[in-house]
Amino acid sequence: MIFLDAASTTPVRREVLEAMWPYLSGEFGNPSSHHSLGEAAASALADARSAVAKVLNCRAGEVTFTSGGTEADNLAVKGIALARQAADPSLNRVVISAVEHPAVEESARYLERVHGFTVDVVPVDGDGLVTLEALGAVLRRETALVSIMYANNEVGTVQPVADLARAAHAFHIPFHTDAVQAAGWLPLDVKALGVDALSLSGHKLGAPKGSGVLFTKGRLRLEPLIHGGGQERGRRSGTENVAGAVAVATALNLSHTEAAAASADVAALRDNFIAAVREAVPGAVLTGHPSRRLPSVASLCFPGTSGESVLLELERLGVVCSSGSACAAGSDAPSPVLLALGISPETAQTAVRFSFTSAVTAAELEHAAAAVAAAVGRVRNLVNHPK
């Protein structure tokens, strides 16, 4: 099997398993307990927080461990907006882009539905980019938060986050970015990016599912979503998942160390794969920005097919990939991300996303490109000549 669905999840790295194992076995203490087992757990948690802070170029106290990217996004969008509205009731708008992950979009819609916020959606161009002009058109004095993702999980387009954050700051509005897909491939220095909050997910980096991180800048107020004993500096109550924190810190550090070399190598392999597919499959349409894209993502539409049928045929040929976001699994509707790019519903339903780990090889992608050509040809033949 050739696994080309890394944007949905990645295998747990051996180094990560080895780092977290002690905190699943002998060193199992509660970090809030005042005895040797608890103190060992607290020390491991502090070390993990410092390791994450070093990668993000922030203070350890600005790092909150969560159960994953979805919780980190929810805590950022709801927590920042509600805290700002509590301080100033006139702050009743949030800005998101038209291509956000459901964790951000649904958090914004919750604020609209339950707390009376207005959600301003910034359109994207045909490549999936948010322009400064488009963002500027929706910013208001009443805007409590702007949340625009760093890199898209379906088409791979990378946003000009630093420029967009500066535009928000000109209105004194905090800026959050979902960096779940960017982690391991793009720089995560929060000072260089100029962001006030940033979300990460461990299982996209080689850590287990159920581990994540939220960075929040300095004294930016955050209304907690989970109430209780006041752990994580009051931002997220509940006994901390020490093993998960160690895992995500280890995976983030490894991916950060490897990022520069991995990004260049995988980008070259991706481009060769895209070229091979487009040459072998007449009418194949690349979605997302042609150059401002993640090294690890190639998303294509194959008009005259069904994306789900192509996926099934590819799996039969030993290639595992997806039709888009794993969070939309089971939905028959065309991808809102592709529709936002101006792609027709009919074409959007033919989309297939190929996403790679840094371990992907040229031979695997050569085989995958041939399999795509065979799969699309078979599906088109069945569509055009049904029995």
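At what angle do helix α9 and helix α12 pack, and how far apart are their axes? The views below come from a predicted model, in which local features need pLDDT of at least 70, side-chain atom pairs count only at pLDDT 80 or more, and totals for chains, interfaces and linings use all residues. Residues are numbered from 1 along each chain as its sequence is written, and side-chain values use heavy atoms, with hydrogens and water left out.

**View 1. Helix α9 against helix α12.** Helix α9 (residues 307–316) and helix α12 (residues 362–384) pack at about 130°, with axes 9 Å apart. Helices (H or I, at least four residues) and strands (E, at least two) are DSSP runs, numbered from the N terminus. Axes are lines fitted to C-alpha atoms, for helices over the stretch in contact, and angles run from 0 to 180 degrees between N-to-C directions. The angle makes α9 oblique to α12. Angles under 35 degrees count as roughly parallel, over 145 as roughly antiparallel, 65 to 115 as roughly perpendicular, and the rest as oblique. From α9 the contact takes Ser309, Val310, Glu313, Leu314 and Arg316; from α12 it takes Ala371, Val372, Ala375, Val376, Arg378 and Val379. Contact means heavy atoms within 4.5 Å. Seven of these residues are nonpolar, one is polar and three are charged. Ala, Val, Leu, Ile, Met, Phe, Trp, Tyr, Cys and Pro count as nonpolar, Asp, Glu, Lys and Arg as charged, and the others, Gly among them, as polar.

**View 2. Helix α8 against helix α12.** The two axes come within 9 Å and cross at roughly 20°. That makes α8 roughly parallel to α12. The crossing is right-handed. Helix α8 supplies Leu269, Arg270, Phe273, Ala276, Val277 and Ala280, while α12 supplies Ala362, Leu365, Ala368, Ala369, Val372 and Ala373. By class, this contact has 11 nonpolar, no polar and one charged residues.

**View 3. The largest nonpolar core.** This core holds 100 residues, and Leu4, Leu135, Phe273, Phe302, Leu314 and Phe354 touch the most other members. A nonpolar core is a set of buried Ala, Val, Leu, Ile, Met, Phe, Trp, Tyr and Cys residues joined through side-chain atoms within 4.5 Å. Buried means under 20% relative accessible area, exposed over 50%, and partly exposed in between (1.4 Å probe, protein chains only). Helix α8 gives the largest share, 16 residues. Beyond four places in sequence, Phe302 touches residues including Val277, Phe354, Val372 and Val376.

**View 4. Leu254 in helix α8.** Leu254 lies in α8 (residues 242–280). Beyond four places in sequence, Leu254 contacts Arg13, Glu15 and Val16. Leu254 and Arg13 are 241 residues apart along the chain, yet their C-alpha atoms are separated by 9.7 Å.

**View 5. Gln159 in its loop.** Gln159 sits in the loop between β5 (143–147) and α6 (161–169). Gln159 is buried, at 2% relative accessible area. Outside four places in sequence, the contacts of Gln159 include Val99, Tyr150 and Arg292.

**View 6. Positive phi at His172 and Arg233.** Most residues other than glycine have a negative phi. His172 has a positive phi of about 60°, and Arg233 one of about 55°. His172 is in the loop between α6 and β6 (175–178); Arg233 is in the loop between β8 (212–216) and α8. His172 is exposed at 65% relative accessible area, and Arg233 is exposed at 67%.

Notes:
Left-handed = near helix turned anticlockwise from the far one by under 90°.
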